[in-house]
Structure formats: C-alpha cells, structure tokens
Amino acid sequence: LKDEVLREDLPLTLACLRVNPKSYAVWHHRQWIMLQLSEPDWSHELQLCKQALSLDERNFHCWDYRRFVVKQASTDVDQRSKLLGEELAFSTGKITKNFSNYSAWHYR
C-alpha cells in the first residue's frame, strides 16, 4: 500500500516539473519518494533526467537529481564503474554541444 500511494505522487511531480522544471522543491520531493519506494526504477529516472536536460541542458536542479539517481542506482562496483563511464560520456556530450554549460562541468 505504501508503494502504491508513493507511486501516485510521481505523476504529480512530473506535472509540476512541466510547469516549473527548476523547482528545487519538486526535485527534492521526487528524491524523497524514490528513497521510500521498495523497488525504485532508477533507469526510468535517468531517462527522465535525459529528457529534462534535452529541454534545458543547464537545469542545475536536474543535474543534481541525476547525480542522486546515479549514486542510488549503482550498488555493485562493476555496475557503478560502467554507469560512471556512461555518465562521463553523457556530460562530455553536453559540454561538447555547449562549452559554457557550467552545470554539466559541475556535474563531472
């Protein structure tokens, strides 16, 4: 029941992010929800970040949430190493596209 109630909040946070994608409160609430879930879908959260950053690649709040997701998603050492390599490639791509993207630089 707890997971069901929490999962109902996820679409609400998405709706809020569509209106204000730089809302610290919404990103923080989503983070709290994910920590409470028994089986969070971290790959979905990475895709959400990818989509949000495609709309605004300097959204620092999204980059910060992405950092949280990556940290939570990889518990196995080999998995973490692979994911961190993918994250380095992702941020490099954003920097290559826009060298003055300080949010992407800070993410590294």
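Leaving aside its neighbours within four places in sequence, which residues is Tyr-65 in contact with? The close-up views below, taken from a predicted model, begin with that residue.

**View 1. Contacts of Tyr-65.** Tyr-65 is in contact with Trp-27, Arg-30, Gln-31, Met-34, Glu-45 and Cys-49, once its neighbours within four places in sequence are left aside. Tyr-65 is also one of the residues with the most contacts inside the largest nonpolar core.

**View 2. The largest nonpolar core.** This core has 26 residues, and those with the most contacts inside it are Trp-27, Met-34 and Tyr-65. At least two residues of the core come from each of α1 (2-19), α2, α3, α4 (60-73), α5 (77-97) and α6 (102-107). The helix that gives the most is α4, with seven residues.

**View 3. Arg-30 in helix α2.** Arg-30 is part of helix α2. Its relative accessibility is 1%, so Arg-30 counts as buried, the cut-off being under 20%. Apart from neighbours within four places in sequence, Arg-30 is in contact with Leu-10, Thr-13, Leu-14, His-44, Glu-45, Leu-48 and Tyr-65. Glu-45 is likewise in contact with Tyr-65.

**View 4. Helix α2 against helix α3.** Helix α2 (residues 24-36) and helix α3 (residues 42-55) have axes that come within 12 Å and cross at roughly 165°. The two helices are therefore roughly antiparallel, since angles over 145 degrees count as such. The crossing in which α2 passes α3 is left-handed. On the α2 side, Trp-27, Arg-30 and Met-34 take part, and they meet Trp-42, His-44, Glu-45, Leu-48 and Ala-52 in α3. By class, the residues of this contact are five nonpolar, one polar and two charged.

**View 5. Helix α3 against helix α5.** The axes of α3 and α5 also come within 12 Å, and they cross at roughly 10°. That angle makes α3 roughly parallel to α5, because angles under 35 degrees are counted that way. From α3, the contact is made by Leu-46, Lys-50, Leu-53 and Ser-54; from α5, Leu-83, Glu-87, Phe-90 and Lys-94 take part. The residues of the contact of α3 with α5 divide into four nonpolar, one polar and three charged.

Note on methods: Residues are numbered from 1 along each chain as its sequence is written. This is a predicted model: local features need pLDDT of at least 70, side-chain atom pairs count only at pLDDT 80 or more; totals for chains, interfaces and linings use all residues. Side-chain values use heavy atoms; hydrogens and water are left out. Axes are lines fitted to C-alpha atoms, for helices over the stretch in contact, and angles run from 0 to 180 degrees between N-to-C directions. Helices (H or I, at least four residues) and strands (E, at least two) are DSSP runs, numbered from the N terminus. Angles under 35 degrees count as roughly parallel, over 145 as roughly antiparallel, 65 to 115 as roughly perpendicular and the rest as oblique. A crossing is left-handed if the near helix is turned anticlockwise from the far one by less than a right angle, and right-handed if clockwise. Contact means heavy atoms within 4.5 Å. Ala, Val, Leu, Ile, Met, Phe, Trp, Tyr, Cys and Pro count as nonpolar, Asp, Glu, Lys and Arg as charged, and the others, Gly among them, as polar. A nonpolar core is a set of buried Ala, Val, Leu, Ile, Met, Phe, Trp, Tyr and Cys residues joined through side-chain atoms within 4.5 Å. Buried means under 20% relative accessible area, exposed over 50%, partly exposed in between (1.4 Å probe, protein chains only).
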